[in-house]
Amino acid sequence: MTYHDQSVKVPDYTASERQTVFHTTVADEKLYGGAAGGGKTAAIVAEAGTLALEFPGIPVNLFRRTIPELKATIIPELNKQFGAYIRAGHMKWHGQDRYFELSNKSRIFLNYLDNDNDIYRYQGSEMPIIGVDELTQFPQAWIEYLITRNRTSNPEWPVIFMAGTNPGGVGHGWVKSRFIDPVPPETIHTIHLDEGQTRTRVFIPAKVDDHPIEKFKTDYKRTLASISDPQLRKALKDGDWDVFSGQVFREFSRGVHVVDPFTIPTHWQRWRAMDHGNNNSVGWFTQDPASERIYMYREYRETEYKTIKEKARNIKQFEATESVSYGMADPSIWAAGQGNHATGKSIAQMYSDESVDWMPANNDRKAGLDAVHGYLGIMKDGYPKLQFFSTCVSMIRTLPSLPYDKVKVDDVDTKADDHDYDMLRYGLMPFVTPDTDDIDTYTSGDEGGLLY
Ligand SMILES: Nc1ncnc2c1ncn2[C@@H]1O[C@H](COP(=O)(O)OP(=O)(O)OP(=O)(O)O)[C@@H](O)[C@H]1O
Ligand SMILES: [Mg+2]
């Protein structure tokens, strides 16, 4: 049996115009969204749920990378759309194996796929319906493996691979070339495989403006507007898949972000940051307590091998006539085995022996990238939140030239000369309020113990 006209019949969900296009489009692989807030998770859950209702006994497999993401997105959406069913006992949660079982014996499995080994858990299984939320979070090989399981020996059941996604992430490149680049949106693209086999693919775009609820749109647009990376903001808001090429910090401007050195008042706090390595990068910062503007006022960059003792002595020399409150460094310098092999001392300890102390910096790359973009942004007084003394020549040269990573496109390419950038992230992180974790922000009680 082929599956042609799907009317979505989930209890508490009425598809928007864009979601209806997605639901009624027939292709072996269909991708929905390509921008933030278009109702992607809801559409996948609704279509998965409908198929579970329509085809008794069918297994439906939904995927995200991690359990916290399932908890924060898919579970609340299932609860929203199927709350009445669940409360009436028509849909039961089996926590051990992480699936809902409907009274018609269909099962909706909530899966995670977070590393190479996880894919072997799906070896041998038949998965007629696969729904992946945030497809660009996954490497191509994992999804291609899943697609080899996208089959059934039951001739009554449809076989569907569907996904929703935003641009960005490790899978940006392959998802773009598989779904976005080959043909215009909403055009079914036929791939010719060996032995005369074919496969069809389609991309149905949706943006936050296509969301059916006005208030959601307004609130969500405000959230999108506050994303500090201008490229990422454009990608998520406009569904622009081409923005992650070229330089990351396009907003950097010599005329705006670089100032002539001035005498720093003694009451301004000073601190330093370091990215450790043969290409050591150390930077010193200070903050004007009145404007809260941060200045990077000095840099010390080693490009040749120096012992830690030598580096520490140089740092102390720079600080001979000033008071530096604290130092933030790459957390890896506390790792065992990275310092002196004979004494077993860590790099941090070796610095400390020379009276140069460090604290471990927050090394969250995404938060760090946001912080740097945020600080390059302009304050109400018309000047940026962060400026560099013109003597910080290495930083002024390397920061604006950093490219995006070719694979994980919404991050800086770690193969570029990123030591000054890493040091800058560490130096700014003490000023960043940590993001609350997804798990903590999800507080609905509806699913009461559904997961574990
Ligand atoms: N057709 C609809 N009718 C009513 N509410 C909807 C509909 N589609 C989505 N929603 C609700 O709007 C909110 C956002 O939808 P959803 O999470 O599916 O968007 P998304 O595109 O996955 O967003 P993100 O990019 O943040 O992952 C959710 O609360 C969802 O329940
Ligand atoms: Mg979503």
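Which element supplies the largest share of the shell around ligand 1? The element is helix α2, with three residues. The model described here is predicted.

## The chain as a whole

The chain holds 14 helices and 16 strands. Its C-alpha trace spans about 80 × 50 × 50 Å along the principal axes. Of the 452 residues in the chain, 39% are buried. Among contacts between residues at least 6 apart in sequence, 69% join residues at least 24 apart.

## Around ligand 1

The shell around ligand 1 has 20 residues, and those that come nearest are Ala36, Gly39, Lys40, Thr41 and Ala42. By type, the shell divides into seven nonpolar, 10 polar and three charged residues. Helices α2 and α3 each supply at least two residues of this shell.

## Helix α3

Helix α3 covers residues 67-87, which is 21 residues. Its end C-alpha atoms are only 23 Å apart, whereas a straight helix would reach 30 Å at 1.5 Å a residue. The helix has a kink of about 70°, centred on Gln81. Just after α3, Gly89 takes a positive phi of about 80°.

Gln81, where the kink is centred, is also one of the buried residues of α3. An α-helix has 3.6 residues a turn, so residues three or four places apart point the same way. What covers the buried residues of α3 includes helix α2 (40-54) and the strands β2 (59-64), β3 (91-94), β4 (99-102), β5 (107-112) and β6 (129-133).

Methods:
Residues are numbered from 1 along each chain as its sequence is written. Chains are lettered from A and ligands numbered from 1 in the order in which they are written. This is a predicted model: local features need pLDDT of at least 70, side-chain atom pairs count only at pLDDT 80 or more; totals for chains, interfaces and linings use all residues. Helices (H or I, at least four residues) and strands (E, at least two) are DSSP runs, numbered from the N terminus. The expected span of a helix is 1.5 Å times one less than its number of residues. The bend at a residue is the angle between axes fitted to the seven residues ending there and the seven starting there. A residue is buried if 20 or more other C-beta atoms lie within 10 Å of its own, exposed if 12 or fewer, and partly exposed in between; C-beta atoms are placed from the backbone. Two residues are in contact if their C-beta atoms, placed from the backbone, lie within 7 Å. A residue is near a molecule or strand if its C-beta atom, placed from the backbone, lies within 6 Å of it. Ala, Val, Leu, Ile, Met, Phe, Trp, Tyr, Cys and Pro count as nonpolar, Asp, Glu, Lys and Arg as charged, and the others, Gly among them, as polar.
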